[in-house]
Protein chains: 2
Amino acid sequence: MSRPQPLSGFPELLPRQRIVEQQVVDHLRRAFELHGFANLQTRAVEPMDQLLRKGETSKEVYVLRRLQADADGGDAGLGLHFDLTVPFARYVLEHAGKLNFPFRRYQIQPCWRGERPQDGRYREFMQADIDIVDLGELPAHYEVEVALVIADALRGLPLPRVTMHVNNRKLSQGFYQGLGIRDTDEALRIIDKLDKIGPDAVAKLLIDEVDATPEQADACLKLASISAADTSFVDEVRALGVSDPLLEEGLTELAAVVDAAAKEAPGFVVADMRIARGLDYYTGTVYETFMEGYERLGSVCSGGRYDKLASDGKHTYPGVGLSIGVSRILVPLLQSGRLDATREVPTCVLVALANEDERPEANTLAQRLRRRGIPTQVSPSAAKFGKQIKFADKRGIPFVLFANEEGTQIKDIRSGDQVTVDVDAWEPPAEDLHPRITADGTDE
Amino acid sequence: MSRPQPLSGFPELLPRQRIVEQQVVDHLRRAFELHGFANLQTRAVEPMDQLLRKGETSKEVYVLRRLQADADGGDAGLGLHFDLTVPFARYVLEHAGKLNFPFRRYQIQPCWRGERPQDGRYREFMQADIDIVDLGELPAHYEVEVALVIADALRGLPLPRVTMHVNNRKLSQGFYQGLGIRDTDEALRIIDKLDKIGPDAVAKLLIDEVDATPEQADACLKLASISAADTSFVDEVRALGVSDPLLEEGLTELAAVVDAAAKEAPGFVVADMRIARGLDYYTGTVYETFMEGYERLGSVCSGGRYDKLASDGKHTYPGVGLSIGVSRILVPLLQSGRLDATREVPTCVLVALANEDERPEANTLAQRLRRRGIPTQVSPSAAKFGKQIKFADKRGIPFVLFANEEGTQIKDIRSGDQVTVDVDAWEPPAEDLHPRITADGTDE
């Protein structure tokens, strides 16, 4: 077999890059659990009718078939999930009788979309989602809470500055309604293209597709241009002179989110009337998040409130959630070398071997260090000590242990310092116990 | 939409079951990292030519297709991986220039096989693999080491007793060769069916398929009946009177594994000449592991040495690895209720709310507990305190915090004890900080 080639859109990490990703995921997990979110994993596949229910992404679903499928088609009705929201809504409906509501869960799994790979967009990518769903009614305070949880989760990660841009569907749709535009869903989808196609093309689409007058299109663009880090946006919207009860509801709800966030996570949330979210299941607050210097990647954490995604006809489970694009954030930072790890293995200590016969004793020594939580491996061979030290050095293993009749010595191969130690008492410096993330060559 | 039905072969866990799975995976990860294994994740898909290279499972591969695939077929050449060994071998070849050998990695990911679901066999299942590969030559001591790492990893989990059964392909194939059987690969595949079809049917197959005489078939069955927890099996095999250089090599290698394991993990490893492993890429030691009382599940941790799986023509990367069937072990234990968690949420403390206006202050209190690592959430509403306590009780949250002008009190809702506390100093008992696994209702 010849050397395999990478598959476009399916990025894979080298061991030291994976250490970074693993530590970022650990950090997110810890933050979510501190806020009481329980973990879930849903299966990778969903019935196609679930996947095709909503939204524009449906056309890029990967469909499955068993290689030896029976004539009846067998599994023809299954596809890989393209996000974690649709599977979660299905899970809630399927297991509703065994869940306690309000129900909060986080989920960190790969998703698949068959779209054309480009910077920040992959065919396989990891998402980290949080959602809160309730039975019947979902209090608005959760729309504040999920933003604060994400602020907390992203804090402490060695990332460029991130800012969450928040809008409310009721605000935009109420505004369009108040203007006299009928198809407010379609108007939202058109406004969602603003970053991609620019204001002139958007105005034309509004005129062509939803029968807006030039004045109405202009008002829509004016609304989309409003943003503020505090509740001053309310007056700016009112100054546009449109009135509608749904618009008022949206203004109140968005002001509550921005106000609470300004107090509890200053500088993280901005009200931004340009945010629309293409998926049509959102009904209230919508969120997008941008990373400074990496705006070209698009939103790195998106979501919103959805009132009707999970409903079995008898009961409805409204929810609100946010999804961090773990791959979208990390793959570019790892590929450019901006993030790295201090070493490529978990190993902190290499036990050197004077001759192969001593392997059992070396294993015992290693096991004593492991019992105290110190990652340790034994040298692959009883080569010359210089070669064994080189083995450690190539991998970034900081310490090599030598044992002989006189006792046990540990060498810090970076400084060359070698000291006699008691194996059952020696501790590495805390910063050397596990690999750490470095950003631009600097430890974070 | 009506209530969705479960998909056969795609088991999903409830939140409290997932907590058990998560803690088991954390335990395995910690053990693997203590032994210096670096984590990898490979993409879920592989080119079909990789997946169809070897082994019997190939026919149950799930093939992918984009719903809107172009006329040219697009992604028609991709399928979901059915194990983690084939993707790892591909990864090693693809990234060889950036890896340091010997290279040890662990990998914990789902795999997919379209086979008929049955007890312990699923269409989607999680595997936890360790492998060590080297460039050109792989020293035999790694065949001992991977068994010891698994012994260490499974130790401390609340599982029924597990025993690893070990054989060596060279031993069996050398024995068949010494007997005069030509197609030793096929003979091994037939012996592998012993548990399924019994000795008479195996003897018949040996006679029909590999032209064995009844005496040769009988000798093969005698060999397969030998097992021992120490090196006494060597004499038992020799007593069968077959001699062959490959058989001698196998005896020596298997004796080394059994001998080292008896010293370092007493009672864990048994030499068992019945073990063959169906996949034909194994070339040395082969392993299967059985769980007491759950033998019907088949092997819960299998693997072996493979010398030719990863080769690009110029270089060969022989390896040895073992794969723990995480789903195969846990799903039956969870479904029967033998394993459970002490609660269904990470939350340790619920902050009660006297009225909705106090939510920001309650958030601040919660945040102070979280900063010290105590998972905390705020009550969903300012309902009567009795109802808020019930909210905690239903989820197993052990503590409820009440704040008023007089100070802050924490109630242990199990005992009813309520004490005044300093929020910045109070610590829950260590066993209440996080959910724990219980086995048969008893904490482990």
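The dialogue below goes through symmetry, sheets, helix packing and backbone geometry in this predicted model.

Q: Which rotation and which shift superpose chain B on chain A?
A: Start with the general idea. Two copies of a chain are related by a rotation about an axis and a shift along it. Here the rotation is 180°, the shift along the axis is 0.0 Å, and the RMSD is 0.0 Å. That is the relation of a two-fold axis. Both copies use the same surface: 100% of the contact residues of chain B recur in chain A.

Q: Which residue of chain B comes closest to the rotation axis?
A: B:Leu64 does, with its C-alpha at 2.5 Å.

Q: On to sheets. In what order do the nine strands of the open sheet in chain B run?
A: The general idea comes first. Strands of a sheet pair through backbone hydrogen bonds, either parallel or antiparallel. In chain B, the nine-stranded sheet has the order 1-5-6-12-11-10-7-9-8, with mixed pairing. Strand 1 (38-39) and strand 8 (227-228) of chain B are its edges; each has a single partner strand, so one side of each lacks a neighbour in the sheet.

Q: How many bridges join strand 1 of chain B to strand 5 of chain B?
A: Two, and the strands run parallel. Strand 5 of chain B covers residues 103-112.

Q: Which strands does helix 4 of chain B lie across?
A: Helix 4 (residues 141-154) of chain B lies across strands 5, 6, 7, 10, 11 and 12 of chain B. Its direction is at about 20° to strand 12 of chain B.

Q: In which sense do strand 17 and strand 18 of chain B pair?
A: Antiparallel, over four bridges. One pair to look up is B:Gln409 with its bridge partner B:Thr420 in strand 18 of chain B.

Q: Now helix pairs. At what angle do helix 7 and helix 8 of chain B cross?
A: Roughly 155°, with the axes coming within 7 Å. Angles over 145 degrees count as roughly antiparallel. That makes helix 7 of chain B roughly antiparallel to helix 8 of chain B. Their crossing is right-handed. The contact includes B:Val202 and B:Leu206 of helix 7 of chain B, and B:Ala217 and B:Leu221 of helix 8 of chain B. By class, this contact has 11 nonpolar, no polar and no charged residues.

Q: What is the angle between helix 5 and helix 6 of chain A?
A: Helix 5 (residues 169-179) and helix 6 (residues 184-191) of chain A pack at about 115°, with axes 9 Å apart. That makes helix 5 of chain A roughly perpendicular to helix 6 of chain A. The crossing of helix 5 and helix 6 of chain A is right-handed. Among the residues that meet are A:Arg169 and A:Tyr176 from helix 5 of chain A, and A:Asp185 and A:Leu188 from helix 6 of chain A. The residues of this contact divide into four nonpolar, four polar and two charged.

Q: Last, the backbone. Where are the cis peptide bonds in chain A and chain B?
A: Recall the rule. Most residues other than glycine have a negative phi, and most peptide bonds are trans. In chain A, a cis bond joins A:Phe101 and A:Pro102, with omega about -5°. A:Pro102 lies in the loop between helix 3 (85-95) and strand 5 of chain A. In chain B, a cis bond joins B:Phe101 and B:Pro102, with omega also about -5°.

Q: What is the phi of A:Asp211?
A: It is positive, about 55°, although A:Asp211 is not a glycine. A:Asp211 sits in the loop between helix 7 (194-209) and helix 8 (214-224) of chain A.

Notes:
Residues numbered from 1 in each chain as written. Chains lettered and ligands numbered in written order. Predicted model: local features only at pLDDT ≥ 70, side-chain atom pairs only at ≥ 80, totals over all residues. Heavy atoms only, no water. Least-squares fit on C-alpha atoms with pLDDT ≥ 70 in both. Contact = heavy atoms within 4.5 Å. Axes fitted to C-alpha atoms, helices over the stretch in contact; angles between N-to-C directions. Parallel < 35°, antiparallel > 145°, perpendicular 65-115°, else oblique. Left-handed = near helix turned anticlockwise from the far one by under 90°. Nonpolar A, V, L, I, M, F, W, Y, C, P; charged D, E, K, R; others polar. Pairing = 2+ DSSP bridges.
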